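Could you have a look at the points below with the structure open beside you?

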Amino acid sequence: MSAKAISEQTGKEFLYKYIDPSVAVQDRVRYVNVTPATDLNLLAQQHPWLLSERLVVKPDQLIKRRGKLGLVGINLDLQGVKEWLKGHLMKEITVGRAKGVLKNFLIEPFVPHTQDEEFYVCIYATREGDHVLFYHEGGVEVGDVDAKAQRLTVTVDDKLSDAQVKEQLLTHVPDDKKDVLASFIVALFNLYEDLYFTYLEINPLVVTKDGVYVLDMAAKIDATADFICKAKWGDVEFPPPFGREAYPEEAYIADLDAKSGASLKLTLLNPQGRIWTMVAGGGASVVYSDTICDLGGVEELANYGEYSGAPSEQQTYDYAKTILSLMTREKHPQGKVLIIGGSIANFTNVAATFKGIVRAIKDYQGPLKEHEVSIFVRRGGPNYQEGLRVMGEVGKTTGIPIHVFGTETHMTAIVGMALGHRPIPNLPPVAVHTANFLLNANSSPMTPASSRTASFSEPKTTNDVTPPKKSKAGLPPAKATTLFSSHTKAIVWGMQTRAVQGMLDFDYVCSRDQPSVAAIVYPFTGDHKQKFYWGHKEILVPVYKNMADAMKKHPEVDVMISFASLRSAYDSTLEAMQYPQVHTIAIIAEGIPEAQTRKLIKIADEKGVTIIGPATVGGIKPGCFKIGNTGGMLDNILASKLYRPGSVAYVSRSGGMSNELNNIISRTTDGVYEGVAIGGDRYPGTTFMDHVLRYQETPGIKMIVVLGEIGGTDEYKICQGIKDNVITKPVVCWCIGTCATMFASEVQFGHAGACAHQASETAMAKNQALRDAGAYVPKSFDELGDVIKSVYDDLVAKGTIVPAQEVPPPTVPMDYSWARELGLIRKPASFMTSICDERGQELIYAGMAITEVFKEEMGIGGVLGLLWFQRRLPRYACQFIEMCLMVTADHGPAGDRFGGALDAAAKQFSKAFDSGMLPMEFVNKMKKDGKLIMGIGHRVKSINNPDMRVQILKDFVKQHFPSTQLLDYALEVEKITTSKKPNLILNVDGFIGVSFVDLLRTCGGFTRDEADEFVEIGALNGIFVLGRSMGFIGHYLDQKRLKQGLYRHPWDDISYVLPEHMSM
C-alpha cells in the first residue's frame, strides 16, 4: 500500500526538523514518549522541562477525536500526569467498534491560549492536486470542517504563495495574525510536498504573540517514496490502526515483502478464528474476504493477506509456514479451514509456488491434523494442473483433507464448500492440460461474426488505431478511442523476454501479419539483436540502449510497455511522452510514489496520451494485441477464446481478476472484445470512466463489465453517465471490498487504492448507487457470472448480438523450456554432477546445505571430504587433510610446482602390501625392474636430518588413525633403503600417499573398492596440487609486491641442441 498513517510523534518530528526554520514554530524539541516500560522519574532527569512546565498527556495510537473521548490530560504537573496515566495506561477502551489497549502516550508542554487563538488546517491529496483546508476556529468543537472550511486547491506541480493563502483562506482571520499564518501554511505545504505526505491535519493550530504551536496532528505519508525520502525519514514505524495489535508475524511478512520483487501481505484480524486464507493476488484476496463475510464468517475470519507477483518457492514456503504456525496454536471446537484460493494467474508458475506451500504442509502435518484443519484449494494459471496434482497428492500422503479445484470451478465456490453452504463435489471435471498449446481447447462452435474481418467490428484503416481527435483551440488533445488494432506496434522497456515471447505467440495465434513488438529498450547493454520465436521460426528483435534511437528507427510504434522498476518508471515514462508518435503507455511497476504518478497523469492529459497502470498487468484486445503477460500463457488464451474478439468489454483494477473475468466472460458469453486492468494504485493513469466511454463509442462492443473496488469515487461517474444517457450499453458492475465495513478496525487491502476514506467510498455504497442508477449489479461476486450471462442472453434474444461460427486458431509450438518444466519431454543431460547443487534456496555440498557446513564448523578439510570423497569425514580426517595442505603449500621460489608423487607412492606401496610381499622383496623387485620407489628419497633431508613435516604428520597419524598398516609397511621399507643411503627416507609425498590409503580404508566411510577407486582416479595428487597452488599464488603476489620485472633466463645457461640441418 502507499498512504500509511504515522504516529503523531513521528509527524511532529518531521515537521519540527524539516519545516522552514524562518517560520516561528515553538516547542520544537519538547515532547516525550511514554510506554508501559517507561520510568517517569528517569524521564524527568533526562528532560528537566517536565519538572518545570505545565503538561499535556494523550495517547498516540491513531485515535481520532481524543478530546471528545476524554483521552487528553490538560494543564497538569508531572505528578498529575503520573496520576492520569495510572487511570489510562494499559486500560482497554472502545472507540467506535474497535477495542484496544492504551499503551503509547505523548507528553508535551501545555500552551496557555484563548479560543480565538485556535485554528484548523488540513492538506490532503487527490488525483487533480492537493487541497488545503483552513478554518478560523479550531479545537474539539470545530465540527464539520468539510462543509464550512475555506478551501484552496493546488494543482499538480503548482506552488502555493502567501498571497494565495491570504486571499483564499484567511479572509476571517485578524490582520495581526495573517502574515504569521500565511507563512506557516506555505511552509507546511512545502514540507508536505518534500516529505511525500498524503494527508496532514493540525487541530488546533495555535497562534499566540510568541509564535505558532502545533498542538494536535494526524498524518499519512506515501510509504512507496521510501527510496526518495529515506535520508530524511529514517526508519519509520507505521503503527497498526487502533484496535488491532502489531504482531511479530506481520512484521516478518512485511520484511519478506520488502526484500522481494513479489508482493507478500499479512494482516491478523482474529488469531483465534477458524477461517484462514492464503490467497494469490491483491484483487482476489479481497473477493475471498468478501465472500467469507457474505456467508456469515466475519467473526471467524482470522486473517487478510495475499501473495502475488511470482514469489519463489522459498518465499511461498516462508509465507505458508507463517500462516500454518499461527493457525495451529489454539484449537477450535469446530476445527479449522484454510482457503488457498486465487484467480487465474497471468505469469506466476502455480506449480512452483504450490511446491512451497506443500513443503510447509508437510512440515506442519502433525499440528494440522491435531487441529482438525481442512484445506480447500482453487487456482488457475501457468502449470496449475501440476500444482493442483501435487496439492492433491500431499492430502493423500498426509491424511489431511485437501479438496482441489481448477478453472472449471467458480473462483469463490470453495468458500461455500469450506463453510458448509454448498456440497463438495467428489470428482471435479479435469480441465484441458497446460501442455495443450497445439490444440484449440474450446468445444463451443460459436464466435462473433466480427472475427471474419481484419479489423473485427470496425472499418479498416491503414492503422486501425483511431488517432486522437482534433481538440478545440486552447484545449489539450483528446485521447484515442481505439488504443490497439491488429497492426499496433509497441516498444518494450526492459529485458522481459518471457513477456515479449508471450506477446509474439499471442500475435501468431491471432493470425497477425507481423509481430506487435518492434523493439526493446534496455539501457544496461549496448545495441544488439535478441532471438524470439514467430510461430515455428526464429526472428530477431532489435534491442536499443537509448529510447531515442528506438523511436527514430521505428516511427510506426505508438505503444510503449514499460517494465521499468518503481525507481526508474517515472523517468522512462516522462522520456517516452516526449515522442508524439506514442499514444499509449502501459506502466507495469507497482510502488511508484503517488506524487510522481500524478505528475505523469497531468503531462499525459496535456499530450493526449493514454496511460494504463501503474501497478497493472496491462490489457488485452483479442485478435489484435496484448500487453506483456496479460491473459496468461497460450493455454489460457485458447481456453478463454482470446484469439478472436467477442462482444463484451471489461475494465478492472486487478490484473489477476482481469484474467478471472476473461474466464467468466468466455464461459457465459461469446467472449471478450477488449479488457483493461487500470491498476491497483490510488491514482491510476486512466480511470474506469475513461475506458467505459471508449467502449460506449466502439461499435463492436455490445455490453460492458466493470469490476470496481473499495476506495475512490470513480464508479459514481459511471452512475452519472448511465443517468445522463451518456452510457447506453448495458453495464454489469460489481465493487469488491464489501467486507471492509464489517471489520472493527481499518484494513488496508492488497491494492494501494483499496481503502475507503469516507462512507461514499465503501464498496457497499457504490454497489447500491450503481444499482439505483440502472447498472446490473449482482448480490455478490459469486453471482457475477450469472448476471453477465443473463444480460448477454437477453442481447442475443434481441438480435443485438449474433453469434457466429468459430474459426480455429493456428497452432503454436510450445517452448522447450516450458515443456521441460511441465515434464512433457526429456533429454539426456550434457553434464552430470553428484557432489553439489546450486539450484535451490541454498548451495548443497554432497547433500549437505552450506549453512549446515558452517554450523558444524567443518572447515576446509570437511568441505574437501564432501566435494572430493562425497562423504562427511571424521573430525581427525578433516584435520589430517588440512595438515597435508599446510605442509605441501610451498617448496621455495624455484622449486617444482606440481611434482608430487602421492598417487604413485600410494599405488606402489598398496600393490606390494596387498600382494603379500615382504618389504625386502618389494625393494629387491623394484631394483630388479629398474624402477624408483615413489615417495622414497630426499635431496636434502636424511635419516640423520629428518624432515619435520613428516615428523608432524607421523605423530598425528599414530595418535588418531584407527589403523596404520600401510604406513607401518612403508616405514619398514624406509629402514631397508636408509641402510643403503641415509637420504632414501620416506618423504612427505610418500608419507601422505600411504597414510591417505590407511585413512580411506579404515575410517569407516568407504568400502575397500571405493577406497581403491579414489586412489586410482588421482584424488590424492589433488591434495598436492591444491597445497602447491596456495604457495604458487603466494609467490606470484610476492613478485608483484616486490615490483619484480619479467624474468629472462640467460642464454649462456641454455644448451641449444638443434638437429644439424637446422643449425646456422
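Here are my notes on the salt bridges, some helix packing and a surface patch.

1. A reminder before anything else: this is a predicted model, so please read each value below as computed from that model.

2. Lys58 sits in strand 3 (residues 55-59), while Asp216 lies in the loop between strand 12 (211-214) and strand 13 (217-222), so the pair links distant parts of the chain, 158 residues apart. Lys58 counts as buried because its relative accessibility is 1%; Asp216, with a relative accessible area of 21%, is partly exposed.

3. Asp216 has another partner: its side chain also meets that of Arg66 in a salt bridge, at 3.9 Å from N to O. Arg66 is in the loop between strand 3 and strand 4 (73-76), and 150 residues separate it from Asp216. With 10% relative accessibility, Arg66 counts as buried.

4. Which residues belong to the network of salt bridges that includes Lys58, Arg66 and Asp216? Glu8, Lys12 and Glu108 are linked with them in that network.

5. A further pair is Glu370 and Lys331, whose side chains form a salt bridge at 3.7 Å from N to O. Glu370 belongs to helix 13 (residues 365-370), and Lys331 to the loop between helix 11 (313-327) and strand 17 (336-340); the two are 39 residues apart. Glu370 is partly exposed, at 47% relative accessible area, whereas Lys331 counts as exposed, at 55% relative accessibility.

6. On to helix packing. The axes of helix 34 (residues 988-1002) and helix 36 come within 10 Å and cross at roughly 135 degrees, which makes helix 34 oblique to helix 36. Their crossing is right-handed.

7. Helix 36 also packs with helix 28 (residues 859-869): here the axes come within 12 Å, with a crossing angle of roughly 135 degrees. Helix 28 and helix 36 are therefore oblique to each other, and this crossing is right-handed.

8. Lastly, please look at the segment after helix 36 (1019-1041), where Trp1051 is placed. Is Trp1051 buried or exposed? It counts as exposed, because its relative accessibility is 69%. Together with Ile1054, Tyr1056 and Leu1058, Trp1051 makes a nonpolar surface patch of about 510 Å².

Methods:
Residues are numbered from 1 along each chain as its sequence is written. This is a predicted model: local features need pLDDT of at least 70, side-chain atom pairs count only at pLDDT 80 or more; totals for chains, interfaces and linings use all residues. Side-chain values use heavy atoms; hydrogens and water are left out. Patches are made of residues with over 30% relative accessible area and no salt bridge: like charges are joined within 9 Å, nonpolar side chains (Val, Leu, Ile, Met, Phe, Trp, Tyr) within 5 Å. Accessible areas come from the Shrake-Rupley method with a 1.4 Å probe; for residues, only the protein chains shown count as cover. A salt bridge is a side-chain nitrogen of Lys or Arg within 4 Å of a carboxyl oxygen of Asp or Glu. Helices (H or I, at least four residues) and strands (E, at least two) are DSSP runs, numbered from the N terminus. Buried means under 20% relative accessible area, exposed over 50%, partly exposed in between (1.4 Å probe, protein chains only). Axes are lines fitted to C-alpha atoms, for helices over the stretch in contact, and angles run from 0 to 180 degrees between N-to-C directions. Angles under 35 degrees count as roughly parallel, over 145 as roughly antiparallel, 65 to 115 as roughly perpendicular and the rest as oblique. A crossing is left-handed if the near helix is turned anticlockwise from the far one by less than a right angle, and right-handed if clockwise.
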